[in-house]
Amino acid sequence: MGFAINEITLFRKSAIGIVGAYTIDDLPYSILYKVSSGLTEVGEDGIPVPSIAKSWKIDNNDKTYTFYLKKDLVFSDNIPLTSDLINYPFSDVSIQRPDKYTIAFTLKNSYSPFLVTVSRPIFKSEFVGVGAYKVDDLKLNGNFVEFIRLVAVKNPKDIISYQFYPTQDSLKIAFVLSEISKITGLEDVSFKNTNLYLFKNTSVVKSIDYHKLVTLFYNTNDKDLSSKTLRESLSYSIPDSFSQGQKSNGPFSPLSFANVPGQDLYKQDLRHAKTLLDKYKESATQSAKLLITLSTLPKYKNTAQTISSIWKSIGIETNIKIVNEVPSNFQVFLGDFNLSKDPDQYPLWHSSQISNITRYNNLRIDKILEDGRQTVDIEKRKSIYADFQKYIFSDPPASFLYFPYVYEVTRK
């Protein structure tokens, strides 16, 4: 490994607790960005700005990206950063290095999210990066990272340690037992019959995770959910607020340059939802009772129950089914998807994609998504994604519910 994997007990008590199973190759970006940087940096608005690269140009019909590197950067082992040490593992990309501080990538086709792609941190080898910290210690459990310690490059006394846990419950127990002094990304603060808010010398800060969107996905190939009228009815039944997070007004983060406020057509209107439901039943010669199976991840069970209660009030019976992953077949699935900083959602909604779990097939949306990922100009992309929001609301494959609250818990 190249790291000293020695005694770590001393540092565990001051560690930050994180839930999840991560290998060396897929550590959270919150850690990676402390150790290195990418050619670009991307803010919450999704607009790339210079990072390791001081500037860039795009030419050859938006297929060639040429980056000009800063000349004063060194890796944590004191080796200067030069173009020959940038080693993104791209396939189907031609790379040229005209000089020590210039690198050019030529793509087969124009791909506007490329500037976000190259925001991924660069490493010379293992975790040797150009960030403010370097990896000082690492412990594995099989292939998974159990503990990692970072030390500031310029100040060895500045130490950040991370301890990884498999579940939210094990993370909370570790905090209560003082194995860790801080928790990040906690989904709720309940603990047994009490609440972490009530613990002495404990600070709890609530924030909104704008990188995850809790969503009702409709199987558009289902005999009932293939009806646009029924999907519209369900969309109008969705509450205007959720206790678990901030209500979404569409498929994008409200911070994204692509988001157009006020486009959400589906403010809750139960009378109109009932009218559309009756219209669907008439056209489909549907019996008086409609039964929908709502598959949900365990953590969204309460949300599923809320929605089920509303659907019952307009004449829909619901069978709630708890699942641990996206089902291979479903009527309605309550889950979430991760939002990239780039607004491109081609993999989720384009009819050609296996990851299109709703089996959505809308030629207009296909064309918009294709244009969105092939257009570099930000202002033109804003217009394209405004159309995307407009037309995906007019033929909804999903209802976008909320961005979940997350909690940071710290022992003072």
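Let's start inside a sheet: S55 has Y68 of β5 as its bridge partner. This is a predicted model, in which local features need pLDDT of at least 70 and side-chain atom pairs count only at pLDDT 80 or more, while totals for chains, interfaces and linings use all residues. Residues are numbered from 1 along each chain as its sequence is written, and side-chain values use heavy atoms, with hydrogens and water left out.

That bridge belongs to the pairing of β4 with β5, an antiparallel pair joined by six bridges. Strands here are DSSP runs of E with at least two residues, helices are runs of H or I with at least four, and both are numbered from the N terminus. Two strands count as paired if DSSP finds at least two bridges between them. The hairpin of β4 and β5 has four residues between its strands, and N60 takes a positive phi near 55° there.

Now widen the view. The sheet is open, has four strands in the order β4-β5-β7-β6, and pairs antiparallel. Its edge strands are β4 (53–59) and β6 (93–99), each pairing on one side only. From one strand to the next, the twist averages 20°. As a reminder, strands of a sheet pair through backbone hydrogen bonds, either parallel or antiparallel.

Carry on across from β5. Five bridges hold β5 and β7 in an antiparallel pairing, and T64 stands opposite T106 of β7. The next step is β7 (residues 102–107) with β6, again antiparallel and over five bridges; here I95 has F105 in β7 as its bridge partner. As for cover, β5 (residues 64–69) is mostly tucked away, with five of its six residues buried. Buried means under 20% relative accessible area, exposed means over 50%, and partly exposed lies in between (1.4 Å probe, protein chains only).

The loop between β5 and β6 is worth a stop, and T82 sits in it. T82 has a relative accessible area of 9%, so it counts as buried. Setting aside neighbours within four places in sequence, T82 is in contact with L69, K100 and Y101, where contact means heavy atoms within 4.5 Å. T82 and T102 are 20 residues apart in sequence, with 8.2 Å between their C-alpha atoms.

Over to the helices. The axes of α6 (residues 270–283) and α7 (residues 301–314) come within 9 Å and cross at roughly 65°. Those axes are lines fitted to C-alpha atoms, for helices over the stretch in contact, and the angles run from 0 to 180 degrees between N-to-C directions. On the α6 side, the contact is made by L270, A273, K274 and L277, and on the α7 side by I310, S313 and I314. These residues divide into five nonpolar, one polar and one charged; Ala, Val, Leu, Ile, Met, Phe, Trp, Tyr, Cys and Pro count as nonpolar, Asp, Glu, Lys and Arg as charged, and the others, Gly among them, as polar.

Further along, H350 lies in the loop between α8 (346–349) and α9 (363–372). H350 counts as buried because its relative accessibility is 5%. Neighbours within four places in sequence aside, H350 is in contact with N356, D366, L369 and E370.

Finally, step back to the whole protein. Its secondary structure comes to 10 helices and 20 strands, and 49% of its 412 residues count as buried. Along the principal axes, the C-alpha trace spans about 75 × 60 × 35 Å. Among contacts between residues at least 6 apart in sequence, 70% join residues at least 24 apart.
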